[in-house]
Structure formats: structure tokens, C-alpha cells
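Dear colleague,

I am handing over the structure below, and my notes on it follow directly after. Please read them alongside the model.

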There are 2 protein chains.
Amino acid sequence: MIDDSIRPQLGIIGGLGPLASADFYFKLTRMTEALRDNEHVPSVILSVPQLPDRTEAILAGHDGPLAPLQAAVATLNALGVACIAMPCNTAHHWYEKLAASSRAEIIHIGDAVVAEIRRSLDRGRVANLATRGTLVSGFYQDRILAAGFEPCVPADAEFQERVDSAIMLVKAGSIAEAAAETERALHLAQMAGANAALLGCTELSVVAASLGDTNGLVVIDSNAALARASLQRLGYSVQEARGLPTVSSLPGDGRPSLRVARRAS
Amino acid sequence: MIDDSIRPQLGIIGGLGPLASADFYFKLTRMTEALRDNEHVPSVILSVPQLPDRTEAILAGHDGPLAPLQAAVATLNALGVACIAMPCNTAHHWYEKLAASSRAEIIHIGDAVVAEIRRSLDRGRVANLATRGTLVSGFYQDRILAAGFEPCVPADAEFQERVDSAIMLVKAGSIAEAAAETERALHLAQMAGANAALLGCTELSVVAASLGDTNGLVVIDSNAALARASLQRLGYSVQEARGLPTVSSLPGDGRPSLRVARRAS
């Protein structure tokens, strides 16, 4: 099926959404300690943006995304990858079923994130900026508690509305506006007593480098955490991601905003 | 081999280098007129950074990169893609042999670039910031002449040295320094009478959004040209890439520079 000379080590289930995957690929590359091409991890990104909406499926209690996710896992296994990364938090709702059908290890983004939080914080309250699907799925609450941190859920309904809006804005390509919405959600999280805030949706990872001063609040990027875990799992040396792209101050991002987004996956 | 629910339309031969591919994926996504995930092109990126150095092979007169490139084309065909993009200019030296072995159309980056130049310019002198391999291969000179433009080759040896250095710096992850080297090469091109300058190596596409004022010189980005051609070929609506990432002003890009790079592919 694939020649050994080009066999990928890392399989990536991408397109959920596409900009979040591009951000993951960019961070994976920037975080690899490398001076030339051949020091980078050979990989394959299967970008499947036509997958049914993950949050919608979780909230409705159906498994629509599972079959195409399993198909993606099967294809990546057929290509001979050693492990698989899925830069979409919400899709991890189906992690156990996917892992059970995969020869290659699937790196859980939740485990990667907990390791990333521990790099910055020993204890404290962690807010999660995630889709409603991820929150209902519950895999972050479990992991954050088990690691000795305290989940922080802002009571103000505006918090989740800002998060949903930011995610939809990234999917619509309006990154600068998404960064502004994310900053408002971070402010509400800090007001609610959070010491750290997890960008627990990879769409929000896209705006991570464009955020203004967070006033001491520790911000955890789930895409960067997954990139670090992937490189470590495969034995590559990891460096801090230098010069990540920022787009907040660029002109021409004047797409109409989608203020009240009810759902995002 | 692959389930119809996740079949990719666009196959991408990536990793040549990895940052150039991430830039291509980012631009492909940003240039798609889309408000939600499922409006994006399903795609697969096969990132093969272990491929032998392309420029080295061309200058030495051997075909080392051909077999793995053919293997990549075969794999993408097996995955059922409708067409293939290769965001590496130098690798197009082997275009004819690859196209002959591919069911899926391979979009030639040189054709995409000529179309891109025509969007900005009717006539004039075009300088090419490319690897020594691409220049020896000659496919750009042919196409630029055939399209009614005049190739402009700065006589100053410093021009190609700056280009080589910029390419190596991007591969080493030092984007801000690469942008400075690229600006110096652009200045030399303009001094030599160029009306337009082609970033004819996709490593240089990575710094395109980080360049300062080019003093009226039209700058053509080969990755953006290839992304536009790919989307058009597949029937997707294209928008100008808004808010492309820039990294020139970010701190922490203090990697030691590689000033005198002799080769880059």
C-alpha cells in the first residue's frame, strides 16, 4: 500500500476544522528541534471536513461521526503509521471506540493537555474553553480532577456564548474577531477565579498567538499540547514553538461576525 | 482502501519542507470561500521530509528523489484523489515523469504561478527567487518567456546567496531572519530592473506575509498561486487570503543564523 521510503510515522485526523489542523501541523513543525527537512517527522494528514458535526451528535445522543472517524483510523493504519493524533477535542468523545479499532496508538488530547498544564501549574482552578459537546462528553473534567486540579466553570452564561462565538468565528475565517471573543471569555474565567484557562477546542488554538495580555492567567493550548505529546511519543526533540503566527493586527479581516453561535464542534 | 465518506479530492505531496507545506495548507484553507468545516476541500497531505535533497540531485545530475516522489504519487492515487499539488518548486524538475505515472492530474506550480503573475502584471521583467536546482531545471524561464514576460536575472552574486540563505533559514525555523534575507534579495532584484519578483521556492512563501514594504515591486507567492489553482481546479470559490500569519515582529526567534548557505532544495 505504501513504499517504505515514504512511510509516515504520525497519522493526523484533520479538517475538524481545517484551520485548526493547519495550526497543528504548523506547531508540530515549529516545535520540532530541527535544522533541515529530514529531521522532521514523516506524517500524513487526512483532512475530513465533511464529517458530521461532533457537538450536534453528542447533544442529540447519536454516533454519526463515529463511522467516518473509524474509516479515517483504518486508512491511517493501512498507511502504516506508528501513532495517531486527532487535533479536535470534541471528536475525543469517541476515543475509546476508535482506540479499540486501531493498531496504532491514538494519543489522547486530554492526556496531552494534563501534561501541559503540569508544566505551568502545580495546583489551582482550571477553566475549559470548549464546545458544548466536549463539556457534555466530560473527559476533561475527569482528567483535570484526577490530576489534582479543580475545574472552574464560570456561572455567567455569557462565558459559554463567547466561547461558542469564538469557535464559529475561526471556522468562518475571522480570526481577529475570534481572538477578541476569546479574550472576553478568558476575562470571565479569571473573574470566576480560574488560575489557568484551557483552550480546549483546537479552533481556539488558532487564535492563541493573537491573544493580548492575559493578566497572569495561564493559557493552555490544546494543539500545542498534542504536538508536544506526538513528538515525544515518537522520540523527537521538542523545542518551544518560536514565532508562532499571529494575525490579530493585520488588515483585511473584516468578515461579518457571527455573534451568537449556538453550537460549534 | 478508503471509505467513500472520507475520500480526499486533493492530494498534497508535503514536507519539502514541512513549514512550506504547513504554509500551503494554511493558505489553501484561508483562500477557500467557506463559513463552516464542510465547505472545505477534503484532502490528504503526505509529508515526506526524508526525500533526498532536490537541488543536490539536479546539480549532480541524478534522479534520487524520483522514486520516492513516484511512490507518493502512487499512494495518493490509491487514496482516490482527483488531483495532486506539490508545494515544492524544485521537485517539479521531475514533473513529466510523475504526471506520466499518475491517474490524477498533477497541477504544475509553474502554470499556477504564470496565472498568478498575470493577475498583477501585463508585461515586464520578472526575477525568480528560487533554488539553484529550480534555476538549472529551467521550467520557470520557459514559462515566463512563453507568457510574454522577460526573465530578470540580477548579475550580482549576492542575489542568489541571499536567496539560498533565506531558504536555509526557513528550513532551520528562523523566519524573521529569513524575511530579512529575502528583503535584501528583493532589493537587489529591483536594482536589476525587475518589475515583479517570484518567490519561486515555497520556503520563501512562508515569509511572504512578513516582508516589509517592497517599494512597488510586485511579489508573487508560489504557494498562494498553487493553492488558488488547486481550489479552482476542484470548483471551489476562492477568496483573497485574509490575515495571513506574520511572524517577523515576534520575540524569541533568536536562532543562530546560517549566513552562507550553499544549497537548498
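In chain B, helix H1 (residues 18-30) and helix H11 (residues 222-233) pack at an angle of about 45°, and their axes lie 9 Å apart; helices here are DSSP runs of H or I of at least four residues, strands are E runs of at least two, and both are numbered from the N terminus. Axes are lines fitted to C-alpha atoms, for helices over the stretch in contact, with angles running from 0 to 180 degrees between N-to-C directions. H1(B) and H11(B) are therefore oblique to each other, the word for whatever is not roughly parallel (under 35 degrees), roughly antiparallel (over 145) or roughly perpendicular (65 to 115). On the H1(B) side the contact (heavy atoms within 4.5 Å) is made by Ala20(B), Asp23(B), Phe24(B), Lys27(B) and Leu28(B), and on the H11(B) side by residues including Asn223(B), Leu226(B) and Leu231(B).

This is a predicted model, in which local features need pLDDT of at least 70 and side-chain atom pairs count only at pLDDT 80 or more, while totals for chains, interfaces and linings use all residues, and side-chain values use heavy atoms, without hydrogens and water. Residues are numbered from 1 along each chain as its sequence is written, with chains lettered from A and ligands numbered from 1 in the order in which they are written.

Glu116(B) is buried, at a relative accessible area of 10%, where buried means under 20%, exposed over 50% and partly exposed in between, using a 1.4 Å probe and protein chains only. Leaving aside residues up to four places away in sequence, Glu116(B) touches Ile220(B), Ala225(B) and Arg228(B).

Chain A has an open sheet of 4 strands in the order E6-E5-E7-E8, with parallel pairing, where two strands pair if DSSP finds at least two bridges between them. Strands E6 (150-152) and E8 (218-221) of chain A stand at the edges, each with a single partner strand, so one side of each has no neighbour in the sheet. E5 (residues 125-129) and E7 (residues 196-199) of chain A run parallel and are joined by 4 bridges, and Val126(A) stands opposite Ala196(A) in E7(A).

With kind regards
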